Amino acid sequence: MAKLREGFTTGTAAAAAAKAGVLFLAAGLRPEQVEVPLPPGGRLVIPIARYGEEQNGVRITVVKDAGDDPDVTHRAEIQALVWLNEGVRDGEIVLEGGKGVGRVTLSGLPVPPGEPAINPAPRAQIAAACREGLEEAGRPGGARVLVEVPEGERLAQKTLNPRLGIVGGISILGTRGTVKPFSHESYLATIESGLDVARAAGADHVILSTGGRSERLAREDLPAVPELACVQFADFFAPALAAAAARGFARITLAVFFGKLAKQAQGLANTHARTAPLDLAALAATCAAAGLEPPAVAAV
């Protein structure tokens, strides 16, 4: 089986665009690719798609490449509009979010309400890339960077951003700068973010569901639970339950259908059909231990 190709995050794309913008303005360079630092260490070379002078600055476009991961932002244009020394101190990097970058409206996320949804790791990565650009150009000063994603608002509708109170676009993410195909990392982070938002809003009862249909049925039965206290965990049963317990919710309701419920009773941490077979013999034994009549146990 061929090895799946890794990609890079929206944060790395924005960092590359910002550094290319600094090099263009500070040294008149138009590199076809730039090397940027990654949040945990290491470096990555990113191709630059387009340069365009604009508003006394320059707009740089990088096309996000998620590798073989089915990421909704794969092939999206991530742009940085860069200005040098406009209202910034020497060495200062001012970062803003523009069109297609979501804005945080609820507490509980790593970024406070009112700020653009650019997480701490990519914020630091973008600033470091800009400082590298200034150093490579041999020029002192600072930079102002406006990150935009032209299709961001449309793409955000395919994510859980609206549920997390992030409006108007996607988040700029990336704790390590690269995308590992089919990694569970980002989904688990989304589960935890949903729980953090619910807790920050004062919710003490959370509904954990496997998906949209199970959530809808649970909310019909429990109308007092607000939408922001409903978190979909897909197949990640054990991590979601542990994360909810760790955050001190007084009540946790699981909304699941029969098959996944039986798998959870088997003690499986992940209930995906391909990796977690349904053990009906074990279920029958549980039914017998609970006192179900023998014919019914045989039917199970």
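User: In this predicted model, is His205 buried or exposed?

Analyst: The model is a predicted one. His205 has a relative accessibility of 12%, and the cut-off for a buried residue is under 20%. His205, which is found in strand 14, therefore counts as buried.

User: Which residue just after helix 4 takes a positive phi?

Analyst: The residue comes just after helix 4, and its phi is about 95°. It is Gly202.

User: What is the relative accessible area of Ile191?

Analyst: Ile191 lies in helix 4. Not counting residues up to four places away in sequence, Ile191 touches Val231, Gln232, Phe233, Phe236 and Ala240. Ile191 is buried, and its relative accessible area is 2%.

User: How far apart are the C-alpha atoms of Ile191 and Ala282?

Analyst: Along the chain, Ile191 and Ala282 are 91 residues apart.

User: Which elements give two or more residues to the lining of the largest cavity?

Analyst: The structure holds one cavity of 30 Å³ or more, and the volume of the largest cavity is about 80 Å³. Its lining is made up of Leu160, Arg163, Leu164, Thr190, Ile191, Gly194, Cys230, Val231 and Gln232. The elements that give two or more residues to this lining are helix 4 and strand 15.

User: How many residues in the lining of the largest cavity are charged?

Analyst: By class, five residues of the lining are nonpolar and three are polar. Arg163 is among the lining residues, and Arg counts as charged. The number of charged residues in the lining is one.

User: Which element gives the largest share of the lining of the largest pocket?

Analyst: The largest pocket holds about 1600 Å³ of space. The elements that give two or more residues to its lining are strand 13 (178-179) and helix 4. The largest share, six residues, comes from helix 4.

User: How many residues lining the largest pocket are charged?

Analyst: The largest pocket is lined by 46 residues, and those nearest its centre are Leu173, Glu185, Ser186, Tyr187 and Thr190. The lining includes 18 nonpolar and 19 polar residues. The charged residues number nine.

User: Is Gln264 buried or exposed?

Analyst: Gln264 is found in helix 7 (residues 258-265). Not counting residues up to four places away in sequence, Gln264 touches Phe233, Phe237, Leu254, Val256 and Thr271. With a relative accessible area of 8%, Gln264 is buried.

Note on methods. Residues numbered from 1 in each chain as written. Predicted model: local features only at pLDDT ≥ 70, side-chain atom pairs only at ≥ 80, totals over all residues. Heavy atoms only, no water. Helix = DSSP H or I, 4+ residues; strand = E, 2+ residues; numbered from the N terminus. Buried < 20%, exposed > 50% of the residue type's maximum accessible area, 1.4 Å probe, protein only. Contact = heavy atoms within 4.5 Å. 1 Å grid on protein atoms, 1.4 Å probe; cavity = no way out; pocket = protein on both sides within 12 Å on 5 of 7 lines; lining within 4 Å. Points joined across faces, edges and corners; volume = space filled by probe spheres on them.
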